[in-house]
Amino acid sequence: MKQRKIPLRKCVACQQMMPKKELIRVVKTPNDELLIDLTGKKAGRGAYLCGKLSCFKLAKKSRALDRALKSSVSPDIYDALEQDFIKVEDEFIAGKDAVDDEQE
Ligand SMILES: [Zn+2]
C-alpha cells in the first residue's frame, strides 16, 4: 500500500515542520496587505505559523514574518495581525477538528 504524502510546511516562528492544515497561513497580497488566510488559497507570498497564539507572539518577537515575507512588517501590522489571529484561532481549531491525537 502506498501512503499518500502529507504536505508539510514549516512554522516560521518555531521552525517545526507540520502538516499544512495544522498551520495558519499569513499572506502578503500583491497590494502589500498582510492578511490571515484560512483558506490557504489567496494570492501572494505566504508564511505559515502554528495555529497557536504563542507562535504568533514568538514570530512577532523575532520578526519572523519580516524574514519569511522578505519585507519589513511594522509593529502596528504585527499588532493588527495578532488581533486577527486571536479571532480566527477558534474557527481554525474548529475547522481541523478531525484529528486530535497529539501526544504530549
Ligand atoms: Zn510554531
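In this predicted model, the largest nonpolar core holds 20 residues, and V12, V26, L49, A59 and L65 touch the most other members. Five elements, namely β3, β5, α1 (53-62), α2 (64-69) and α3 (75-95), each supply at least two residues of this core. The largest share comes from β3, which gives four residues.

Strand β3 spans residues 23-28. The strand is mostly covered, with five of its six residues buried. A residue counts as buried if 20 or more other C-beta atoms lie within 10 Å of its own. One of the core residues named above is V26. Leaving aside neighbours within four places in sequence, V26 is in contact with L34, I36, D37, G46, A47, L49, L65 and L81.

Two strands pair with β3. Strand β5 (residues 45-50) and β3 run in the antiparallel sense and are joined over six bridges. Within this pairing, I24 stands opposite L49 in β5.

β3 and β4 together form a hairpin. Five residues lie between the two strands. In the turn, D32 has a positive phi of about 65 degrees.

From the N terminus on, their order is β-β-β-β-β-α-α-α. The radius of gyration is 14 Å, close to the 13 Å that the globule rule gives for 104 residues, so the protein is as compact as a globular protein of that length. Along the principal axes, the C-alpha trace spans about 45 × 25 × 20 Å. Buried residues make up 22% of the 104 residues. Among contacts with a separation of 6 or more, 53% join residues 24 or more positions apart.

An unreviewed UniProt entry carries the annotation "domain: YlxR" for residues 9-83. Over residues 9-83, the chain is 33% helix and 28% strand. The end C-alpha atoms of this stretch are 23 Å apart.

Notes
Residues numbered from 1 in each chain as written. Predicted model: local features only at pLDDT ≥ 70, side-chain atom pairs only at ≥ 80, totals over all residues. Rg over C-alpha atoms; globule rule 2.2 N^0.38 Å. Buried ≥ 20, exposed ≤ 12 C-beta atoms within 10 Å, placed from the backbone. Contact = placed C-beta atoms within 7 Å. UniProt positions renumbered as here; feature names shortened; annotations may be inferred. Pairing = 2+ DSSP bridges. Core = buried A, V, L, I, M, F, W, Y, C linked by C-beta atoms within 7 Å.
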